[in-house]
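Morning, everyone. Let me put the structure up, and then I'll walk through the packing.

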Amino acid sequence: MRSQLARHVLRRLLASELPGALPPSFLFSRPALRTYPVRSRVARTPQRRSFIKLFQKAPRTLKEIDAEPGYETLLQFRAAENDSVRPPPRVELVKAWREFFAYKTRHGRVVNSTQALCAQRVLLYLSSQSTNERDGQLSEEDLRNARECFSKPPRDDFTHHLEFSRAVYTELKQRGAHQAKDFYSLVAALSQYGKVLEARDLVLDYNHEMRNKESDVVRLRHFMPVIRGLAKEGHESELLEFVKQARQAGVEYDPALHGVMTTYFAQKDNVGETKLWFNKPINKNLPPAPTTYYEILKFALRNNQQEWAMGVYQDLITGLESGPWSVDKHCWDTSLQWAVLLLGKGIDHIEHMLNVAFEHTKDKPNSQPNMGTINCLIKVATDKDDPYLAERFIALSGKMGFEPNYKTYMLQLEYRIRANDLDGAFAAYQSLQDLEETTKDKELPVLNSFIRALCGVPNPNYERVLDVTSYLEQRRVTLEPETVVSICMAFLKNDETYEVIDTLSLHTIHYSVAERYMVRKAFVEYCLDKKNSTARVWDAYALLRQFFPEVAPEARVKIMDAFFDRRRADMAAHVFGHMRAHGNLTLRPVLETYVRFLEGIGRCPDEESLKTCHNMLKMDTTIQPNTLLYNALMIGYAACEQPYRALDFWKEITMSPEGPSYATLEIVFRTYEVTPDGDGLANELWEKIKRMDIEVPENVYLAYAATSAAHGHLTQAKLLLEDMDSVVGKRPNLHTLGIVFNALPSEEMKDQFESWAKDEYPVVWAALKEKYGRRRNDEGLAVFKLRRPWKA
């Protein structure tokens, strides 16, 4: 029932034309993981199409997928809101809300921008109406739990995350249930999601109002999110002024504030301000944060400040050997990093420093070097792009008796990927795979880059790709869009469509509009790549249509044109038919789309596809025929060797208020070219044009000359070419001579024309023969390899 419900909601969303409508494929749910064990997977041979195989059983079945709990109900509400129909009952909405955010909290999953939009709209709806039902109202705990899920930023648009945070605070305030932590969450959201100046004003007003009502610890904690936000957004003058106000209010210059200010100016390579803020004494004589030290070190190396950095390093060593920092493990780790990067010390010296650290911290086991210390050194080697040094640090860890941990293997994986050592990277992956640790968000980019590296080689090891993706899927990790693209493109090239289906099913449901666009764009580009076989392109299009029904008409038309270029008008007709049958009216063909299809028939004639399109046109009440459309219909029927049917549309044009265009005249002359009695009709039209004293463009003149040639009037055709300069102001070029030559109906006439052209236009004829080779047409006559496209 669940999947049927999703399809029902899908159809309603597809029909919506509101700007806020959700992409329909957000409704497809996700399997927990792939439906087969990777290590027992049987490699399949490339898929081949045959009639008999239609009755064979699929290589394996695809698992029925389950949506995130409660999400379908939220989507139903959004669909009902778009359609202005009755939404689900309040009790169901509240239940869905609790299930959805409990799931997000339990698995630590990010709320994407589309889910944020749904949640925000549901919250506004539930808040706008009062109810006495206990189960029909969100509690304060429900609101706060949901708000916590919004603290992780999405990959793209965070507008709805910000609006949701505002709505939660407003609702709590209206209920009289807001607390200091609620204000802090609002300030953090504003600072994180691009509204830090608004957050600054709120904090200053709040600090003034609550000066004597709250403790300093509670009141002053609101300053740091704003300070971080101002630094992140680059508001330098506002940052300096706000820090000054924060210090006046009583905010201490602790390692956190010291780190924000120093890092801000260090990353901008502002030497004076960086030194000023770093040298300011930290409260309680605490050491700078390890991340601050590392930023300072990189800053010094970038800006040729090694001498100043040596002074910082000496102060650090002094504090470790005889000062209060002697039992601070982070400071010992930092000193080792600086010894490698700043002093260039080798492995032997680092081993000696580790022994010194052990000696100084022998009474403090928690302060002694451990595998975390070695990981800090491996990170330095990784940042230096020195995989050999990183391997020596790992060897040193074994010598010191340290056991590699999850972080060690992740770093090893990272530097081996950078060194393009995929075999070594896979060995590191296998080591971390055996550890029972939860994959952390900050480590996911490394695993994603590993998958992309595996897929990016000329001959990917597909078993390894599936091994890594299954490992992540079992941990309910959503891959980055770039990674999904790499996987899909690799498996498409190997004709493993089922793997592509699994990958798209597992991940695209959790993507926002912008993320889905990245995957969708890659599939469109794959379909447009002429290097890919027609069969593979069709498979890619079928998947694109299934998983991304929101594909824009422009992309669909490009794919349609690509099939015409591949001489597959039947496939192009299917693409057009899918547009015509789409449930969303904004994605259906417009008049220009019909014209584009019929022009495609002009270069790839197919009578059945032509009739299919024409029948759709007859049933399409949104299209009002005009000259452009009639031109296109003439093209289609003339190309399919039905000239008399094409001339019916010429009559329609002559009787219409709009009348013919120059393109119409060219098309009708070209239609006369393939009409048995077309020479007489062409002469009549030409005489009428001359009587009306119509200015004749080159393309129309050439079409008439080609028509005369096609009906065997060689002398007339030659006279037209000789008079061309006086009529259209241009002498015949190689394209003109080639088209007339190709139109002649016999080898004898072609020989005569060639002799004449050599005498009259020797240079042009020589250029024609040099640029365009000849071939034999279906009738065995010599023709130049000239393209003569139709244009409505």
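Aromatics to begin. Keep in mind that this is a predicted model. Searching the whole structure turns up 45 aromatic pairs. Look at one cluster: ring pairs tie together Y71, W97, F100, F101, F150 and F164.

Next, charges over rings. R221 places its charged end over the ring of Y184, 3.9 Å from the ring centre. R645 has its charged end over the ring of Y637, and there the distance to the centre is 5.3 Å.

Now the cores. The largest nonpolar core has 133 residues. Which of its residues touch the most other members? They are L413, L504, F523, F597, F669 and F753. Take F753. Setting aside residues up to four places away in sequence, F753 touches L714, K718, L721, L737, V740, F741, L744 and W765. There is also a second core, separate, with 44 residues. Y294, A300, I350 and I394 are among them. As background, nonpolar side chains in soluble globular proteins tend to be buried together.

T483 lies in helix α24, which covers residues 481-493. Is T483 buried or exposed? T483 has a relative accessible area of 0%, so it counts as buried. What does its side chain make a polar contact with? The partner is the side chain of N448, at 2.7 Å. Leaving out neighbours within four places in sequence, T483 is in contact with N448, I451 and R452. So N448 turns up in both: the polar contact and the contact list of T483, whose burial is set by that 0%.

Definitions and conventions: Residues numbered from 1 in each chain as written. Predicted model: local features only at pLDDT ≥ 70, side-chain atom pairs only at ≥ 80, totals over all residues. Heavy atoms only, no water. Phe/Tyr/Trp six-rings, centres within 6.5 Å; stacked < 30°, edge-to-face > 60°. Lys NZ or Arg CZ within 6 Å of the ring centre and 35° of its normal. Helix = DSSP H or I, 4+ residues; strand = E, 2+ residues; numbered from the N terminus. Buried < 20%, exposed > 50% of the residue type's maximum accessible area, 1.4 Å probe, protein only. Polar contact = N/O pair within 3.5 Å; in protein donor to acceptor, adjacent residues only side chain to side chain. Contact = heavy atoms within 4.5 Å. Core = buried A, V, L, I, M, F, W, Y, C linked by side-chain atoms within 4.5 Å.
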